[in-house]
Amino acid sequence: MLAIKGLEVRYGAITAVRGVDLEIRKGEIVALLGANGAGKSTIARSIAGLLPFQGEISFEGEKLTPGAAEKNLRRGIALVPEGRGILARMTVYENLLMGIYTRRDKSAAMADVEKMLERFPILGKRRDGLASLLSGGEQQMLAIGRALLSKPKLLLLDEPSLGLAPLMTASLFQMIAQFRDEGLTVLLVEQKARQTLKIVDRAYLLETGRVVTSGSAEALINDPTLSEAFLGGGH
Ligand SMILES: Nc1ncnc2c1ncn2[C@@H]1O[C@H](COP(=O)(O)OP(=O)(O)OP(=O)(O)O)[C@@H](O)[C@H]1O
Ligand SMILES: [Mg+2]
């Protein structure tokens, strides 16, 4: 579904991503793991069409034009950005409406907004409340719900667990694992490697802009050369 070849992204003099190759097949949940500053968001934002890049990103066999965010969204690539990108001064409902702006089937889309409010009952309850009053976990649900309303084929989630309590993170990851059953393809950007590897099919490990390891989640979890520091101790 997605094929990245020789991706290179610069911010002025800084090269944030260099020579990255990455593939995502239809129906897979793939993780992009790495520490702060490794280049994870830069890759996610390049795929979404939010950054200029060199190299090639193909989606369903067609090359993506760098920076063509709206076109990519219409093609079926939705990004839930790091920090969620919720419009704090708008209501929950208004935030969800943002998710359907590229949809042509407006009446079906409006019905989908109602379904989303049922799917996430907490959002339904807070429908007319300001998004800023939601908890971190609830805001993440809102951001994901909004992205799903564009009916994406590929969902990019940039550190969705950031700032969430462990229990909330666990239920979020459980939800992401279930996206597979809906036929959704997911790129999950995370730092919490061990937890992430429990729900994804494959993963890429990024270090200072390069892929240093990739493989099946099972192989990576059992890889003795991957440090405890990377996997994080305990669970
Ligand atoms: N707008 C920007 N201008 C200049 N440098 C940037 C910009 N955004 C990111 N960078 C740099 O690019 C590199 C990769 O950043 P990126 O945000 O992609 O990392 P990340 O893996 O998502 O990190 P984190 O886990 O902290 O979100 C870092 O060195 C960062 O400082
Ligand atoms: Mg990031």
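1. Helices here are DSSP runs of H or I with at least four residues, and strands are runs of E with at least two, both numbered from the N terminus. On that count, the protein has 10 helices and 10 strands.

2. A word on the ground rules. This is a predicted model, in which local features need pLDDT of at least 70 and side-chain atom pairs count only at pLDDT 80 or more, while totals for chains, interfaces and linings use all residues. Residues are numbered from 1 along each chain as its sequence is written, and side-chain values use heavy atoms, with hydrogens and water left out.

3. Now the overall shape. Along the principal axes, the C-alpha atoms fill a box of roughly 50 × 40 × 35 Å.

4. What share of the 235 residues is buried? Buried residues make up 50% of them, where buried means under 20% relative accessible area, exposed means over 50% and partly exposed lies in between (1.4 Å probe, protein chains only).

5. Next, the cores. A nonpolar core is a set of buried Ala, Val, Leu, Ile, Met, Phe, Trp, Tyr and Cys residues joined through side-chain atoms within 4.5 Å. The largest one has 49 residues, and Leu155, Ile176 and Phe179 have the most contacts inside it. Helix α6 (residues 136–148) supplies the largest share of this core, 6 residues. There is also a second, separate core of 28 residues, with Ile47, Ala48, Ile57 and Leu154 among them.

6. Have a look at Thr42, which sits in helix α1 (residues 40–48). Thr42 counts as buried because its relative accessibility is 7%. Its side chain makes a polar contact of 2.8 Å with that of Tyr11. (A polar contact is a pair of N or O atoms within 3.5 Å; within protein, one must be able to donate a hydrogen and the other to accept it, and residues adjacent in sequence count only if both atoms are side-chain atoms.)

7. Finally, one sheet. Four strands form an open sheet in the order β2-β1-β4-β5, with antiparallel pairing; two strands pair if DSSP finds at least two bridges between them. At the edges are β2 (14–24) and β5 (62–63), each pairing on one side only. Strand β4 (residues 54–59) is joined to β5 by 2 bridges, and Ser58 has Lys63 in β5 as its bridge partner.

Methods:
Chains lettered and ligands numbered in written order.
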